[in-house]
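Morning, everyone. I have one model to walk through today. Let me put it on the screen.

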Amino acid sequence: MSGSGLTIERAALEQLAALLLEHAGLKITPDGYKGLRLALEARMPALGLVDATDYLLQLKYASAEDELRALLPLVTVGKTEFFRDHRQFEALEREVFPPLLARARREGQPVRAWSAGCATGEEAYSIAMVALDAGAGPREFDFWATDLNPVAIDTAAAGRYPVRRLLGVSEPRLARYFTASDEHYEVKPQLRHQVRFEQQNLAAPHWPQVGAQALDFVFCRNVIIYFDQPAIVRVMARFFEALRPGGWLFLGYSETLFRVPTGFEMVEVGDAFIYRRPLEARPAAAGVRRLATPASPPGVEPSAPRSAPSSPEHRSAPPPTPGPPPAPVPVDPADGPRPGAGSPVERLAEVIRDLEAGAFPRALRLAHRLVDDVPHDLAARVTLGNVHALMGNVDEAREAYQQALQREPLSIEARLYLGLAALQGGESEVARQEFTRALFLEPALALCHYLLGQVQERLGELDAARRSYRNAMALKKDPPRPLVGHFPDLPASNEAIAQAAQLRLAALSER
């Protein structure tokens, strides 16, 4: 019996953990059952249920996958870290915050910001460190951080973290803003006092604490990805109203406003892509470039650009059936690895250039160095796995993808690439499982439908393969979802995928 009056027995937690493993590949061990119980306590009342056994029965109906998707962000709420997605934080530090602070000083008003869905506080404290390092005084930065989960808020307010959670914090910042204590680090008062932590439900009908055009920027990352469409529209409309003209909205790497009617524009800021409430009269700041976007139907926003803009465009060719790995171009060992100077984005682009040139050993060395230096960079980690996969190192590739999943439990790319590695190794059942999990997380991933069809063909499941190919063809007109990481020769367009699927369907009709 739960303290909330709900009946949640351990057997129900075990069954639910098994369902999440099967559908999403999310492994929840018994020491994570406390978080699973909290997630159930949030979802069961929404369905009018008081017994977890009834909740599990509910998952047997046709809407089961929708409910599991609603549960996932609550289960993974604790999966966060300091300075997560360094590209966005570099954009905030170098291009976004300095002009906001300068304007605030001219006008005698503080920079106002909100971390919406701050989990256990790592994101909020990261933002506050950027503000303090820019020289913002106590009255020059007004910062609010909220989360639905009261346990997460209590953890954030306490500001005490194990050493392993501080990997993204540089040594100077660690010394400046934290105090070491019994294998933990505690946030110093000067940083703690920069943030107001409160419980807040983004899905609530009203946000009384947020006034119109009151905020300069909002971080809302890895929160809306599993909201249904009406809820996303409502939340985006409120964010738009709450931001000043020219204000910024930071979303998670896998979140996009494609097909969400909003007034936001997507702009390139340094090496990051951020949404902004337009202000046509204001010239773009240095390092900020408005993206040229193709025409879209009314109410439809073009899909987000690729996460690594400096990388070469993927070639628009039908996706190949993975076969033997290509022979690497000989590399003189005396050359050694090329210097990995520059930002992580520049270094990843160098890895990609080596991949495209077939210089696999050199690409592998540079990718390993990049992951060692920037362990939280998901694009670098999955690209390292892809280098291993292309060299035929299937076990090493899987290890890289699994490490990516430890940091981003809902990474669609890691699931997709795990499936590709399994397909390359002739493990059709494993490939089918991973492609199915990726499609659970992103049902509109045309490439994954096509690859699943290939697996089903190999297994002799021809009717299922036909359905998968038709699913891929049905997405022909949709822009492809941008994928983190790089895998050579994957197509850039859903049209190319649909063409390949049509050819496979025609071949199957002759059987």
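Which residues of the largest nonpolar core touch the most other members? Before I answer, the ground rules. This is a predicted model, so local features need pLDDT of at least 70 and side-chain atom pairs count only at pLDDT 80 or more, while totals for chains, interfaces and linings use all residues. Residues are numbered from 1 along each chain as its sequence is written, and side-chain values use heavy atoms, with hydrogens and water left out.

Now the answer. The residues are Leu16, Leu20, Leu36, Tyr417 and Phe435, in a core of 86 residues. A nonpolar core here is a set of buried Ala, Val, Leu, Ile, Met, Phe, Trp, Tyr and Cys residues joined through side-chain atoms within 4.5 Å. Buried means under 20% relative accessible area, exposed is over 50%, and partly exposed is in between, with a 1.4 Å probe and protein chains only. Helix H15, residues 412-424, gives the most to this core: nine residues.

Take Tyr417. What is Tyr417 in contact with, leaving aside its neighbours within four places in sequence? Val382, Asn386 and Tyr401 are on the list. Contact means heavy atoms within 4.5 Å.

Step back to the whole chain. The protein has 19 helices and 11 strands. Those are DSSP runs, numbered from the N terminus: helices are H or I, at least four residues, and strands are E, at least two. Of the 511 residues, 52% count as buried. Among contacts with a separation of 6 or more, 72% come from residues 24 or more positions apart.

Next, helix packing. Two packed helices are described by the angle between their axes and the distance between the axes. Axes are lines fitted to C-alpha atoms, for helices over the stretch in contact, and angles run from 0 to 180 degrees between N-to-C directions.

First pair: H18, residues 462-474, and H19, residues 494-509. They pack at about 150°, with axes 8 Å apart. H18 and H19 are therefore roughly antiparallel. The cut-offs: under 35 degrees is roughly parallel, over 145 roughly antiparallel, 65 to 115 roughly perpendicular, and the rest oblique. The crossing of H18 and H19 is left-handed. That is, the near helix is turned anticlockwise from the far one by less than a right angle; clockwise would be right-handed. On the H18 side, the contact includes Leu462, Tyr469 and Met473. On the H19 side, it includes Ile497, Leu505 and Leu508.

H16 passes H17 in a left-handed crossing. Phe435 and Leu439 are among the H16 residues that meet H17, and Leu451 and Val455 are among their H17 counterparts.

Ala119 has phi near 50°, a positive value in a residue other than glycine. Ala119 lies in the loop between strand S1 (111-116) and helix H6 (122-133). Buried or exposed? Ala119 is buried, at 6% relative accessible area. Gln213 also has phi near 50°, again positive and not a glycine. Gln213 lies in the loop between strands S6 (196-199) and S7 (215-220). Gln213 is partly exposed, at 40%.

Last, cysteines. How many disulfides? With a disulfide defined as a pair of cysteine sulfur atoms within 2.5 Å, the count is zero. Cys118 is buried at 1%, and Cys220 is buried at 0%.
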